[in-house]
Amino acid sequence: MIFILHFMIHQVKNSFLKSTFILWFIPLINFSQNTPTWVPPLDIPIKLSGTFGEIRSNHFHAGLDIRTEGRQGLKVNNVQNGWINRIRISTGGYGKALYIQHYDGTTSVYAHLKKFAPKIEAFVKKNQYEKESYTIQLFPKSDQLPIAVGELLGYSGNTGGSFGPHLHFEVRDSKNQNPINGMQFPLEILDTQRPQIQYFYLYDGIHPDSKKKEFPLVRKNDSVYTTAGIHTEGFISAGLRVFDRQNLSYNKNGIYKVIVRLNGVIQYEHQMDEISFNDSKYINLLIDYKEWAQNKRRIQRFINHPEQKITFLEKDISQNGQMKIENGKSYQIIIEISDFNKNTSYVEAYITGTNSILEASENISSSPTLENNKDYLYDYGDKSVYFPKESFFDSVHIPIKNEMQVLHVGENKYPLKKPYEVRFKIPELDSLERQQSFIALLNSNNKPSFFSAQQKEGFWIGKSKILGSYTISRDSVAPEIKPVNFKNKQWLTNYSFLRIKLSDDYSGIQKYRGEINGKWILLEYEPKDNILIYNFQDLDFEESLLQLRVTAEDQVGNSSELNMEFYRKPKSKDL
């Protein structure tokens, strides 16, 4: 309200009229000052399925995932006065997302929405039809879409890279767009539960090939876990499998704060109040990457790798998480794990320094073959792999093997700092086979998946940040396009939507287009469901006979086309 009045007053040039205008609106200004300055984004009890800063597969979670009771379509409200300064629609990532700038210097983000509020939906569709694109990014000016506290923004959904209905809610610092912990704001989240600690590990170094050993935990009371006595020496670091829950949610969420002490002295500490999107480049340095990549078990490591540039980690090298254990001395390790509401759990371990080393459950070769400060090229004529300097965070051992049609580039157990290059010579093929062929990445079951690459100088060239095996594969099957809720020549006057199945069995959909009577139509695409949806309210047609044409192309150029006719009574004939 204050923003709107300020804008209106600014437009009044005559000083007498301006004074009259201000006096007349004083009651409204006072009323606006009595309205709430901050409201929750949903009108239901807040239950979290994801917390701020928790470790995901390739990023630190930038917001709060709020459960929507397994449903879509819940009203999503603006948390405080401001204006919409960014709208983004994509088939992955945040899906349908709104960004609202507020007067306190923060920006709130609402992602995976099903649909926008009417005024926003109209603004977006106008631009989508002008650009003839479902995926779009818009940056409205401050006076185009002002939005009041509590005003409807849209409806919760499951769009983009979401694995179930929920609202991703995020708060950022508007100056640098750094995400900040949304739990700092007045969200009522009932939480009296302490973090739960599952397993305790010790490592004999920071390197990803460091030996590790699991130590069973015994629960002393509701907050303290302990181990049997440990005997070792040298430099060690700690790791935990740990999660946190809130009272109304059973999801295993990430932790907020950790402190590691050795004999009372802090060795490592972090607290998730603010992150940078650049931090995610180094996320794999804070987990046991091999354990995650090969067994999908996430062990959070409490170390400060010398190559990391994470904003929330202490830069003091004395707090890098490495602890020196000397022969003949006794030590106590205390790990303190807290959630945002200060519910805290502890691990206490007692170590006696001996002249033995930490025994590991497996023997891992640590002799490096790729030094981190050198380039490496393995050229086999028809195939090659090139590692530029600092591809990895450490010097690592990677066996490279060329076997017939397969190029083996180690196994996925080391995190990469930057991508490496894979080349395959394009074989002598006819034009169609050549178009349909590509480099494929083999999974653990030797099943190929599409690997994006460019053609240059007779080679396919691609870049990857995952170690693995590569081969040449072919996709000769075009995408499938099929009607779902209608038939050819059918009358569809009472229909609100057209639903069309769009799927591809291998390389994936690259692009698609829909037309009715030669005019572009907006087809909303949800890859998880393989569904295209057209809303009949978007366009009016004067003809009763409508000709639908949908085309689609996969990643290697195989194309399909659907042509159908149907009938619909024009709106003008309803009058």
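**Figure 1. Parallel pairing of strands S35 and S42 in the predicted model.** In this predicted model, strand S35 and strand S42 (residues 559–567) pair in the parallel sense over two bridges. Gln-490 has Phe-566 of S42 as its bridge partner. Both strands belong to an open sheet of five strands with mixed pairing, in the order S35-S42-S41-S37-S38. Strands S35 (490–491) and S38 (519–520) stand at the edges; each has a single partner strand, so one side of each is left without a neighbour in the sheet. Strands of a sheet pair through backbone hydrogen bonds, in either the parallel or the antiparallel sense.

**Figure 2. Helix H3 and the residue that follows.** Helix H3 covers residues 118–131. Its 14 residues, at 1.5 Å a residue, should span 20 Å, and this agrees with the 20 Å that separates its end C-alpha atoms. The buried residues of H3 are Ile-120, Glu-121, Phe-123, Val-124, Lys-125, Asn-127, Gln-128 and Tyr-129. Glu-132 follows H3 and has a positive phi, near 50°.

Figure 3. Ser-276 is located in the loop between strand S19 (265–271) and helix H4 (289–295). Its relative accessibility is 13%, so Ser-276 counts as buried, the cut-off being under 20%. A polar atom of the Ser-276 side chain lies 3.1 Å from the backbone nitrogen of Asn-278. When residues up to four places away in sequence are not counted, Ser-276 touches Asn-178 and Thr-311.

**Figure 4. The largest nonpolar core and the contacts of Ile-333.** The largest nonpolar core contains 105 residues. Ile-87, Tyr-110, Phe-200, Ile-333, Ile-335 and Tyr-534 are those with the most contacts inside this core. Leaving aside residues up to four places away in sequence, Ile-333 touches Leu-202, Ile-236, Val-260, Arg-261, Leu-262, Met-323, Val-347, Glu-348, Ala-349 and Ile-351. Another core, of 22 residues, lies apart from the largest one and includes Phe-392, Val-409, Tyr-414 and Ile-439.

Figure 5. Asp-430 occupies the loop between strand S28 (420–425) and helix H5 (431–436). With a relative accessible area of 42%, Asp-430 is partly exposed. A polar atom of the Asp-430 side chain lies 2.8 Å from the backbone nitrogen of Glu-433. Between Asp-430 and Gln-198, the separation is 232 residues in sequence and 57 Å in space, C-alpha to C-alpha.

Notes: Residues numbered from 1 in each chain as written. Predicted model: local features only at pLDDT ≥ 70, side-chain atom pairs only at ≥ 80, totals over all residues. Heavy atoms only, no water. Pairing = 2+ DSSP bridges. Helix = DSSP H or I, 4+ residues; strand = E, 2+ residues; numbered from the N terminus. Expected span 1.5 Å × (residues − 1). Buried < 20%, exposed > 50% of the residue type's maximum accessible area, 1.4 Å probe, protein only. Polar contact = N/O pair within 3.5 Å; in protein donor to acceptor, adjacent residues only side chain to side chain. Contact = heavy atoms within 4.5 Å. Core = buried A, V, L, I, M, F, W, Y, C linked by side-chain atoms within 4.5 Å.
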